[in-house]
Amino acid sequence: VFSAGDAAASGIPLTPVGIAQARIVVANILKPGSAAFSPIVTPSVVFSDPPLASVGLTEEQARERGLDVDVKLTDTSSWASSRRVGQRISGAKTIVERGTGSIVGAHLLGHGAEEVINVFAAAIAGGLTASDLKGGLWAYPTASSEIVYLL
């Protein structure tokens with residue numbers, strides 16, 4: 001018996017999670033044991049004003065797992081990207097493993113958070129480091145171009 005989505009006992013009850021789990025079920029039906037669900041790279045968004053988005057571990061979860069992390073809390077409310085849309089409250093918290101530079105968590109509040117969180121999710125899933133993201137070229141002025149200052 002296979003289950004996915006709300007019937008499964010793992011993962012956040014979100015539509016993208018159910019879709020990902022359904023793909024894993026199909027893979028395991030066709031080739032048993034070939035796929036597993038990894039909920040750590042599940043981005044989530046609260047579509048509020050401003051939007052709140054999160055992916056990966058919280059600071060507390062990272063420390064509970066014994067990770068040595070650098071945590072950067074950034075108030076972005078005075079940044080041009082926030083001011084140009086009248087966003088008076090915005091910020092970010094990023095969690096990066098010391099030594100490896102692996103991004104283990106990102107939590108964003110403000111204009112564009114619902115899109116930028118996908119970049120962090122892809123970085124975590126793909127094993128990209130903070131240096132990898134900082135070294136990229138970003139379209140400017142976009143919300144994602146500010147990633148380099150959040151890490």
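Predicted model: local features only at pLDDT ≥ 70, side-chain atom pairs only at ≥ 80, totals over all residues.

Me: Fine. Which loop is Pro50 in?
Reply: The one between strand E1 (44-46) and strand E2 (52-56). Its peptide bond with Asp49 is cis, with omega about 10°.

Me: And what joins Tyr140 and Pro141?
Reply: A cis peptide bond too, with omega about -5°. Pro141 sits in the loop between helix H5 (130-134) and helix H6 (147-150).

Me: Switching to the core. Which residues touch the most other members of the largest one?
Reply: Val55, Ile103, Leu108, Phe120, Leu133 and Leu151, out of 19 residues in that nonpolar core. H4 gives the most to this core, 7 residues.

Me: What does Phe120 touch?
Reply: Leaving out residues up to four places away in sequence, Phe120 touches Val55, Thr94, Ile103, Ala106, Leu108, Leu133, Ile147 and Leu151.

Me: Back to H4, then. Which of its residues are buried?
Reply: Ala113, Val116, Ile117, Phe120, Ala121, Ala123 and Ile124. They cover an arc of only 160° around the axis, so they are on the same side of H4. Those buried residues pack against E1, E2, E4, E5, H5 and H6.

Me: What's exposed on the other side?
Reply: Glu115, Ala125 and Gly126. Just after H4, Gly127 has a positive phi of about 75°.

Methods:
Residues numbered from 1 in each chain as written. Heavy atoms only, no water. Helix = DSSP H or I, 4+ residues; strand = E, 2+ residues; numbered from the N terminus. Core = buried A, V, L, I, M, F, W, Y, C linked by side-chain atoms within 4.5 Å. Buried < 20%, exposed > 50% of the residue type's maximum accessible area, 1.4 Å probe, protein only. Contact = heavy atoms within 4.5 Å. Arc of directions from axis to C-beta.
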